[in-house]
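Me: I am new to this structure and would like to learn how to read it. Please take one feature at a time.

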Amino acid sequence: MHDSITLRLTQQVKAGGCASKLAPGTLAAVLSRLPQQSDPNLLVGFETSDDAGIYRIAPDLALVQTVDFFTPLVDDPFIFGQIAATNALSDVYAMGGRPVTALSVVCFPPDGDLDILEQIMRGGLEKMAEAGCVVVGGHSVRDAEIKFGYAVTGLIDPGRVFTNTGAVPGDALILTKPIGTGVITTALKRGLAKPNWVENAVHSMTTLNRAASEIVTAATGVHAMTDVTGFGLMGHGRELALGSGVTIEIVVEAVPLIGGALDAVHLGAIPAGLLANRDFAECVSADAPGSQIADDLRSLLYDPQTAGGLLISVAPDHADALVVSLRGAGLNAARIGSVRGPYRVGQGVPAILLQ
């Protein structure tokens, strides 16, 4: 931590990290009214709410493009910069791409402490360097609330793109990081979090999805992938299910949790983004017959994650080997469910089944 900077960044904003994003239902309502674009080289656009756009520039090469920025969710500016970079890079990794360049996005008070801004940008640069991604410039505006992030461009083989629309019935679902960053950082903002909870969350939020993506890209049998960020496990699971036309089944007890996440829920540290995610995804979910899911665990399924893990849909006979490989890279990966048959609108078949 950088003790010379004493300003608590989390006290300067209304909501932090991915919990500061627009509610998924609000965003979906607007995007659904926009015209579809017609370009044969646009391989992935915004219509399926995927993690990044894919644009082909040669028969065997395409660009992966994304932008992500948000308000502080931790008090240390250097760590905030690291988290913002990790989160922005994640969208490229979620498609199976390799980030190569980035442009910084900065919103900062005109009378703000420039040492804070320097530390934020230094933290971001450190993670970009770890990813092998070069920051080539950026843009800044005056803003009462601090916001920081990046627009990232990567490269990908157009024949090896992972989207959130390819899950196949029978697949296993694997998650590469535990969940709970939203409730822990909300507890931090309210002065309720224990230091080890914050350390656990920071470790997760500053771990690049690079190793996980490289392992998945080299693996066999992977059909779909997305990262779990602001819309939570259930929100991004909803997009995976609807985009693929399937029902996904999540074994709630198998979902890994960040240490301290349940404690934060018990203290009532519920971010507004969690409630918005619940409004968005709960309407297409159902509990399996006989299931008894604890309320605290159920809440965490909707928790908005910042720099969360990858959710992978993989053929069942390759799932165990993939989990072993991911854990061998030091990741807390877990098999959390499976993919069932088609999701049928209006016929009582949910997009997400919880057990």
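Reply: Start with a strand pair: β2 (residues 53–58) and β3 (residues 61–70) run antiparallel and share five bridges. Strands (E, at least two residues) and helices (H or I, at least four) are DSSP runs, numbered from the N terminus, and two strands pair if DSSP finds at least two bridges between them. This is a predicted model, in which local features need pLDDT of at least 70 and side-chain atom pairs count only at pLDDT 80 or more, while totals for chains, interfaces and linings use all residues. Residues are numbered from 1 along each chain as its sequence is written, and side-chain values use heavy atoms, with hydrogens and water left out.

Me: Which residue in β3 stands opposite Tyr55?

Reply: Tyr55 faces Leu63, and Arg56 has Ala62 as its bridge partner.

Me: Along β3, which side chains are buried?

Reply: Buried means under 20% relative accessible area, exposed over 50%, and partly exposed in between, with a 1.4 Å probe and protein chains only. The side chains of β3 alternate: Ala62, Val64, Thr66, Asp68 and Phe70 point to one face and are buried.

Me: How should I read a pair of packed helices?

Reply: Two packed helices are described by the angle between their axes and the distance between the axes. Axes are lines fitted to C-alpha atoms, for helices over the stretch in contact, and angles run from 0 to 180 degrees between N-to-C directions. Helix α2 (residues 77–94) and helix α3 (residues 114–131) pack at about 40°, with axes 6 Å apart. That angle makes α2 oblique to α3; angles under 35 degrees count as roughly parallel, over 145 as roughly antiparallel, 65 to 115 as roughly perpendicular and the rest as oblique.

Me: Which residues make the contact between α2 and α3?

Reply: Contact means heavy atoms within 4.5 Å. Among the residues involved are Phe78, Gly81 and Leu89 of α2 and Ile120, Gly124 and Met128 of α3. By class, this contact of α2 with α3 has ten nonpolar, six polar and three charged residues. Ala, Val, Leu, Ile, Met, Phe, Trp, Tyr, Cys and Pro count as nonpolar, Asp, Glu, Lys and Arg as charged, and the others, Gly among them, as polar.

Me: How many residues of α4 are buried?

Reply: Helix α4 (residues 181–189) is mostly covered, with eight of its nine residues buried. Those buried residues pack against α5 (195–205), α8 (261–266), α9 (272–281) and α10 (295–301). After α4 comes Gly191, whose phi is positive, near 75°.

Me: At what angle do α4 and α5 pack?

Reply: The angle is about 135°, with the axes 10 Å apart, and α4 and α5 are therefore oblique to each other. Thr181, Ile184, Thr185 and Leu188 in α4 meet Trp197, Val198, Ala201 and Met205 in α5.
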